[in-house]
Amino acid sequence: MGRLVVVSNRVADLTKSTQSGGLAVGLADALKRRGGLWVGWSGETSTDADDATPELTTAGNVAMATIPLTPDDYANYYLGFANSVLWPLFHYRLDLVDFHSEFLDSYRKVNRRFADSLLPLLKPNDTIWIHDYHLIPLASELRKRGCTQRIGFFLHIPFPPPEVLAAAPGHKWLADSFLAYDLVGFQTQTDVANLAHYAEDHMQLSAPVDGRMSGPAGDLHLACFPIGIDTQAFAELAASPADDVQVDTMRRMVLDRKQIIGVDRLDYSKGLPDRMKAFGRLLDLYPEHMKKVTFLQIAPPTREDVDAYADIRHELESLSGSINGRFADFNWTPIRYIHRSVAREKLAALYRVSRAGLVTPLRDGMNLVAKEYVAAQNPDDPGVLILSKFAGAAEELAEALIVNPYDIDAMAAAIDRALTMPIEERKERHSALYKRVAEGDALAWQKAFLDALEAAPNGITLDVA
Ligand code: GDG
């Protein structure tokens with residue numbers, strides 16, 4: 001078996017032992033097992049970035065190669081096409097798409113540059129695994145340069161229905177880029193079906209049979225690989241809480257006060273304002289919870305250079321302030337809102353001592369927080385996961401309380417149900433959920449994808465425009 005070459009926008013630092021999440025854990029395992037290379041943006045910008053050669057570091061049998069971006073490409077490719085066009089578009093938010101033709105030009109240019117940088121580093125038997133919306137056209141750029149190795153792609157975020165995708169300038173070119181892959185993986189069956197429908201309607205491909213479609217322009221092989229977390233390690237992390245988390249938990253026990261937790265990058269796709277409104281509605285509709293519950297929302301900043309992110313931040317600050325202003329007392333603050341990153345081990349312990357986990361995105365590829373919340377629970381006294389039907393995780397985690405994140409009253413009712421759920425029902429739901437989160441962990445995800453990719457025909461060459 002040849003090396004694994006992973007390409008993603010950012011590269012995890014494999015020289016450090018603590019890993020930040022499912023993606024890093026799953027990929028690090030595969031890279032270390034086979035030996036390999038991980039290529040991505042360095043996170044740096046410089047005016048002479050286009051002439052820079054990749055910076056190489058190694059950790060055992062794995063090399064990491066990073067490339068800087070020019071300030072223009074940072075603005076137009078990263079903040080622009082990736083995060084102001086594809087991110088909102090793929091999350092079904094046409095209202096937030098901010099398209100400029102220089103964004104698309106820069107996206108194409110950066111993908112060409114990744115291909116130019118990667119090509120000399122490749123070996124004939126390598127298997128290449130490209131990740132996420134930043135790099136959709138990379139395989140077609142590699143094929144143009146004669147690359148015949150197997151190339152797989154995995155999309156971490158949702159894939160939109162054809163009528164949403166078709167609103168984007170350049171959509172046909174973008175979708176045609178998928179033809180250069182031997183395997184295209186998605187988080188859910190819904191995403192697979194969305195690309196399949198688009199391919200039938202706009203690319204003249206046949207209806208899928210076992211995920212395979214074909215037509216005059218080429219073949220498409222689609223499948224669903226729900227991403228997982230490092231379940232066992234996360235459960236262990238949660239079971240050894242830091243001192244300050246223990247003290248806070250004891251204080252709440254004395255006051256007979258339950259905690260609800262939400263953890264999300266501060267992103268408009270995560271449904272945070274509606275979630276806060278639902279918590280306020282809970283206090284209106286079920287006043288028996290007054291002073292008996294607190295809502296802890298951790299929302300670290302992200303992509304603050306994009307306008308839509310500044311807007312959501314202001315909205316949340318004003319909402320948490322007004323709900324607290326309305327309900328708080330001198331000895332009770334209903335919402336604790338933290339706009340900072342919290343250490344991973346503390347996060348795990350906080351999930352465990354929270355009676356409900358509120359995971360209510362308006363749209364999400366998977367949502368690893370839902371799986372982390374399940375993994376962190378004490379099986380003898382587990383909390384209840386409240387999960388949006390629009391999170392990819394809802395396809396797998398049916399024993400959660402599934403909610404419509406646009407229906408504020410229904411969310412308030414689900415929170416009430418979680419807070420009052422008898423222990424037997426909590427245990428039953430949790431054991432079913434834990435089994436699924438443990439079986440579908442990060443290693444299983446990575447193995448399933450790579451096995452399917454290895455089983456694909458050995459490389460394709462395309463006549464791509
Ligand atoms: C994309 C897709 C898909 C959050 N706050 C803190 C913190 N986190 C960690 C969580 C979790 C991760 O960040 C977030 O993962 P999600 O899956 O929830 O969401 P995205 O970042 O949007 O990820 C998503 C994922 O890719 C993987 O394919 O599931 O749908 O959008 O691990 O714990 N970690 C720490 N402090 C924080 O304050 N340490």
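In this predicted model, an N or O atom in the side chain of E372 lies 2.6 Å from an oxygen atom of the ligand. The protein covers 85% of the 730 Å² of accessible area that the ligand has on its own. Two elements, helix 12 (344-352) and helix 13 (368-376), each give two or more residues to the shell around the ligand.

The backbone also comes within reach of the ligand at M366 and R344. A polar backbone atom of M366 is 2.8 Å from an oxygen atom of the ligand. For R344, a backbone N or O atom lies 3.5 Å from a nitrogen atom of the ligand.

In total, 23 residues surround the ligand, and H156, V342, D364, L368 and E372 are the closest. Sorted by class, this shell holds twelve nonpolar, five polar and six charged residues.

Helix 9 gives the most, with six residues. By class, the lining of this pocket consists of six nonpolar, seven polar and seven charged residues.

There are also two cavities of 30 Å³ or more. Their volumes and the classes of their lining residues are listed below.

| Cavity | Volume | Lining residues by class |
|---|---|---|
| Largest cavity | about 70 Å³ | seven nonpolar, three polar, three charged |
| Second largest cavity | about 30 Å³ | seven nonpolar, two polar, no charged |

The largest cavity is lined by 13 residues, and G383, V384, L385, H430 and L433 lie nearest its centre. Helix 13, strand 14 (384-388) and helix 15 (423-439) each give two or more residues to this lining. Helix 15 has the largest share, four residues. Helix 13 also gives two or more residues to the shell around the ligand.

The lining of the second largest cavity includes F81, L86, L104 and W173. Helix 2 (71-90) and helix 6 (171-176) are the elements that give two or more residues to this lining. Which element gives the most to the lining of the second largest cavity? Helix 6 does, with three residues.

Conventions. Residues numbered from 1 in each chain as written. Predicted model: local features only at pLDDT ≥ 70, side-chain atom pairs only at ≥ 80, totals over all residues. Heavy atoms only, no water. Near = heavy atom within 4 Å. Polar contact = N/O pair within 3.5 Å; in protein donor to acceptor, adjacent residues only side chain to side chain. Areas by Shrake-Rupley, 256 points an atom, 1.4 Å probe, with all protein chains shown as cover. Nonpolar A, V, L, I, M, F, W, Y, C, P; charged D, E, K, R; others polar. 1 Å grid on protein atoms, 1.4 Å probe; cavity = no way out; pocket = protein on both sides within 12 Å on 5 of 7 lines; lining within 4 Å. Points joined across faces, edges and corners; volume = space filled by probe spheres on them.
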